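Please keep the sequence and the three-dimensional view at hand while reading.

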Amino acid sequence: MIARFLGYIGCSVREGLAALGFAIRSFFSILRVSPGAFRRPGLISEQIHFIGNYSLVIIAVSGLFVGMVLGLQGYYTLNQYGAEQMLGQVVALSLVRELGPVVTALLFAGRAGTSLTAQIGLMKAGEQLSAMEMMAINPVQRVLAPRFWAGVIAMPVLATVFSAVGVMGGYLVGVKLIGVDEGSFWAQMQSGVDVRADVLNGVIKSFIFGIAVTFTALFQGYQAQPTPEDVSRATTRTVVIASLLVWGLNFVMTALMFNK
Amino acid sequence: MSNLVEIRDLHFAYGERSILSNLRMDFPRGKLIAVMGGSGCGKTTVLRLIGGQIRPQRGEVRIGGEVVHSLDTQGLYRLRRRMGMLFQFGALFTDLSVFDNVAFPLREHTDLPEELIRDLVLMKLNAVGLRNAHRLKPAEISGGMARRVAVARAVALDPELIMYDEPFAGLDPISMGVTANLIRNLNDALGSTSILVSHDVQECFAIADYVYFMSAGKIVAEGTPTELRVSTDPYVRQFVNAEPDGPVPFHYPGKTLADDLGLGART
């Protein structure tokens, strides 16, 4: 009984390590063929347009509402200490450091990530990737690498849009609706937000999330069995794995970046 | 006449399940060779081994003297540039138009100016009768038309070797006849070698120069269509005449019906 249980644990660990190793190998195979993808920037810009279009509206609208809620909640809390003039700084720091990169990555995983997984999975099911291989065209270089870099480039841009629209949402609620002083709102934001420590770290976060989410989406699509059931399961796996990766990576990066 | 493709002592298995064993086949240059057999007999696996998509456990596939499975990735891609393949359902890129599908290998592998690519693509589409459909998307054309577009794409780079995987599957009789003639004409016009995997007897016998019959991963008969039409081999007779029972049994191997119904125990 115990031997069987230990055997089961051992087998699971071995399979998990093998899957992790395979994922890492696949990641490096995308990196290896990336110079070839960058020699054809048109393929990457086409995918940036595709992925950006997919996610822009939901990210802008979500950013607006998150910013508005931050404006409300921030005001209620700061008002208790007579510090409502700090609202601009609170809204901006929350968005730039945490909510912008994290929520954008989660929305990206749900919107563009699932779409990428389904697209690659269906290309595989329709033998399009095999057809490419038989045409002596490496599908990793022609299909996966441009999408990977498009996702990696699009993520910080989308996170910036999220944060910018979120700040406007906070401004609308805090200044226009509640009546916080406009000069204090912007002045506190300007003095309290550091470009390198806050903005740049936020951009680095979203860049890392871009790598994690886009690779997860592509890998799940590429590994899916060419059946409708497995393609649908792969899209679900993309959301679950990418979301968990985002939370985990966010904790590690926050601990490393904002430890003073 | 020399062989473009030679298969010797080929064994292939998925895990414990043997798919091909001790296969020996020759595909002479300029000829159209059909590989026939029932579903699951290993026909498509032969094509995948020739294309280097899978590796055999034993034996070798030679194309133009090169052993496919000893090549590295670059060598394999170099070899594949001399091949064209038609997949069972066309495998067209659904996000590209008919024109862009046929232009795809030309754009990927050549530096030809766009005007020349346009002319070449229209000529290829003209050869399959679909020049006027070049603006349509794969979703807007029928299965038979998609198959012809895929043929045009497969021959876009004028390959030495063209492989067709079940090109007649799911086609109406007219499309079947059109596709069969197209395969024969392209083979003759390009001077290429064609391997046609199918189980459609009439079409294959009408256009093939030589036919291999496979069953359970082995060659069970071979010859010209004329020889096979008069063959007395039980497998060939069953296949050509579409007989429900014979060397290929109707019932999946296993217990008898009497055993399953418990009738054997009562007697």
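## An enclosed strand

In chain B, 5 of the 5 residues of strand β7 (residues 161-165) are buried, so the strand is largely enclosed by the rest of the structure. The model is a predicted one.

In a regular strand, side chains alternate between the two faces of the sheet. From β7(B), L161(B), M163(B) and D165(B) point one way, while I162(B) and Y164(B) point the other way, and all are buried.

## Partners of β7(B)

Strand β6 (residues 83-86) of chain B pairs with β7(B) in the parallel sense, over 4 bridges. In this pairing, M83(B) is found opposite L161(B) of β7(B).

Strand β8 (residues 193-198) of chain B also runs parallel to β7(B), and 5 bridges join the two. Here D165(B) stands opposite V197(B) in β8(B). Together with helix α6 (residues 173-190) of chain B, β7(B) and β8(B) make a right-handed β-α-β unit.

## An antiparallel sheet

Chain B also contains an open sheet of 4 strands, ordered β2-β1-β4-β5, with antiparallel pairing. At its edges stand β2 (17-28) and β5 (66-67) of chain B, each with a single partner strand, so one side of each is left without a neighbour in the sheet.

The antiparallel pairing of strand β1 (residues 3-14) of chain B with β2(B) comprises 8 bridges; within it, N3(B) has P28(B) of β2(B) as its bridge partner. Helix α1 (residues 43-50) of chain B packs on this sheet and touches β1, β2 and β4 (58-63) of chain B. The direction of helix α1(B) makes about 115° with that of β1(B).

Technical notes:
Residues numbered from 1 in each chain as written. Chains lettered and ligands numbered in written order. Predicted model: local features only at pLDDT ≥ 70, side-chain atom pairs only at ≥ 80, totals over all residues. Buried ≥ 20, exposed ≤ 12 C-beta atoms within 10 Å, placed from the backbone. Pairing = 2+ DSSP bridges. Right-handed = clockwise from strand over helix to strand, strands pointing away. Contact = placed C-beta atoms within 7 Å. Axes fitted to C-alpha atoms, helices over the stretch in contact; angles between N-to-C directions.
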